[in-house]
Amino acid sequence: MEVISVQNLHKKFRDLEVLQGINLSVQKGEIVSIIGPSGSGKSTFLRCLNHLETADKGSISFHGNYIAKEDSKTNKAIYISNKEILSVCNKLGMVFQNFNLFPHKSVIENLVEAPMIVNKKTRAEAEKIADDLLKKVGLSQKRESYPFELSGGQKQRVAIARALAMEPEIMLFDEPTSALDPELIGEVLQVIKQLAEERMTMIIVTHEMNFAREISDRVIFMDHGEIVAEGTPEQVLVNPEHPRIKTFLNLVK
Amino acid sequence: MSTEIMYQVGGFILSGAVVAIKVYVATIVFSIPLGMLFAMGKLSRCKPLLWLLEGYTWLFRGTPLLLQLFFVYYGLPYYGIVFTPLIAACVTFVINYAAYFTEIFRAGIQSIDSGQYEAAKALGMNYSQTMRRIILPQSLKRVIPPLGNEAVTLIKDTALCSAITLPEILKNTNSMVTTYFEIKWYFFAAVIYLVITLVIIQVFKYLEKKFGYYR
């Protein structure tokens, strides 16, 4: 079953073509990693999926329902109303590079906020889900702490739990370990691996090549706003054919 | 000067403090919410509203408060609008201070990292939920120090109302000084202002502490 589908996505920042016709379809339970050099458009692409960026051209659909549909004449992306976008996009969980936890709320309040306000769950229901998730990410003892009291790795694990609390159908990870000290990366990757074992549908933008190779069903290499190569981790990361991937992999080694 | 007269004079000047505090409370109660509202207007995409608020803050921050007081109390009667000194003072102060608070809140809201909006949106929260639950509470913490500054300035600005015959601290002090030729009443007035500002400073220290539970 197709969860998300993107056709011919284009995005420009002033004169810079950040995305030049991206096509991607992700099936339920599939884990897709997007790799590539800085400025290749990976993050912008991910952010287009839940409307943190607005695409200029192309279509985006979620379970076959269009969020943005390409106009047949002009190719312009025509979006559904903001209200409809919100109701679709809360099915997409997002984890940011910089965590973006709510600093004025304790860990538990970070987790119950959206389920209560957006999904109209009662506090008891929301706290039940939140406590289970905190246990899952190994942070039950930090329930009442505030974000400033947590390490980067702990913050990111809370951020993952917060996104999961909305019971998303797909998780988007935007360089989840890039802002972390090296010794804290492992604990975050461990949580993502656990989600992979449960077959959570995920799209992960990452610079962690070993991690991408290990957990992905499919790896996408992006450069200059285009998908240069796409395939199994072996095809893209182990035996790359494309010279640009070879250069990139040598650089990040 | 007999003790009895001293008490009378002191009491008369203190009654001015009550008037000053009335103006003070009215200004705080009305201009802070107004400022918050106007700040959101200033951040909206509605251009005419933006220009209107831009003109408003320019006018009221760009002209002397004393001039505004004169205009409201002595000027508006020419257009058939007559206020008592107290109402004229309150109206002028609310509009004037709301202009400063608008800018303080605008800066406070704009200082919140865009990641907070993005996180809220990614969780499905709409604009008003995001503002109410995520952005405004965080900006409130950041605007407390500049609000405290304004709150201290405000009590001293009430002295300007003596120019529109409002019997507040300075006006009453002046009339006592000229009646009895004793300048010590100026010191008395100064002490009243100092006591009031001390209270205000303590309130804001408490607020800063209250919001200090997170960073």
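How many residues of chain A are in contact with how many residues of chain B?

Analyst: The model is a predicted one. In it, 26 residues of chain A are in contact with 20 residues of chain B. Putting the two chains together buries about 2,100 Å² between them, and carbon and sulfur atoms give 63% of that area. On the side of chain A, L86(A), H104(A) and F148(A) supply 29% of the area that this chain buries against chain B, which is more than any other three residues supply.

On the side of chain B, helix α5(B) deserves attention. Its buried residues are G115(B), Q116(B), E118(B), A119(B), A120(B) and A122(B). The cover over these residues includes parts of both chains: α1 (42-49), α2, β7 (92-95) and α5 of chain A, together with α6 of chain B. After α5(B) comes G124(B), whose phi is positive, near 90 degrees.

The largest pocket also draws on both chains. Its space amounts to about 680 Å³. Two or more residues of its lining come from each of α2 (82-89) of chain A and α5 (114-122) and α6 (127-157) of chain B. The lining has 17 residues, and those nearest the centre are R45(B), Y117(B), K121(B), N126(B) and Y127(B). By class, 7 of the lining residues are nonpolar, 6 are polar and 4 are charged.

The second largest pocket has a volume of about 270 Å³. It is lined by 13 residues, with M209(A), L237(A), L249(A), V252(A) and K253(A) closest to its centre. The elements that give two or more residues to this lining are α7 (209-215), α8 (233-238) and α9 (243-252) of chain A. Of these, α9(A) provides the largest share, 4 residues. The classes in this lining are 6 nonpolar, 3 polar and 4 charged residues.

The largest core has 94 residues, and the members with the most contacts inside it are L9(A), F45(A), L49(A), I203(A) and I169(B), a list with residues from both chains. The element that gives the most to this core is α6(B), with 11 residues. For I169(B), leaving aside residues up to four places away in sequence, the contacts are I13(B), G16(B), A17(B), A20(B), A189(B), I192(B), Y193(B) and I196(B). Another core, of 39 residues, lies apart from the largest one, and its members include V137(A), L139(A), I192(A) and A196(A).

A159(A) has a relative accessible area of 2%, so it counts as buried, the limit being under 20%. Beyond residues up to four places away in sequence, A159(A) touches V95(A), F99(A) and L101(A). F13(A) stands 146 residues from A159(A) along the chain, and 28 Å separates their C-alpha atoms.

A68(A) is placed in strand β5 (residues 65-70) of chain A. Its relative accessible area is 1%, and A68(A) is therefore buried. Not counting residues up to four places away in sequence, A68(A) touches G58(A), S59(A), I60(A), A77(A), I78(A) and Y79(A). Between A68(A) and V18(A), 50 residues apart in sequence, the C-alpha to C-alpha distance is 18 Å.

In chain B, N172(B) lies in helix α7 (residues 169-180). With a relative accessible area of 2%, N172(B) is also buried. Apart from neighbours within four places in sequence, N172(B) is in contact with F12(B), I13(B), S15(B), G16(B) and P167(B). Two of these residues, I13(B) and G16(B), are touched by I169(B) as well.

Of the 215 residues in chain B, 44% are buried. Among its contacts between residues at least 6 apart in sequence, 76% join residues at least 24 apart.

Notes:
Residues are numbered from 1 along each chain as its sequence is written. Chains are lettered from A and ligands numbered from 1 in the order in which they are written. This is a predicted model: local features need pLDDT of at least 70, side-chain atom pairs count only at pLDDT 80 or more; totals for chains, interfaces and linings use all residues. Side-chain values use heavy atoms; hydrogens and water are left out. On a 1 Å grid over the protein atoms alone, a cavity is a set of points where a 1.4 Å probe fits but cannot get out, and a pocket is an open set with protein on both sides within 12 Å along at least five of seven lines; lining residues have an atom within 4 Å of a point. Grid points are joined across faces, edges and corners, and a volume is the space filled by probe spheres set on the points. Ala, Val, Leu, Ile, Met, Phe, Trp, Tyr, Cys and Pro count as nonpolar, Asp, Glu, Lys and Arg as charged, and the others, Gly among them, as polar. A nonpolar core is a set of buried Ala, Val, Leu, Ile, Met, Phe, Trp, Tyr and Cys residues joined through side-chain atoms within 4.5 Å. Buried means under 20% relative accessible area, exposed over 50%, partly exposed in between (1.4 Å probe, protein chains only). Contact means heavy atoms within 4.5 Å. Buried area is the accessible area (1.4 Å probe) that two parts lose on being put together, summed over both.
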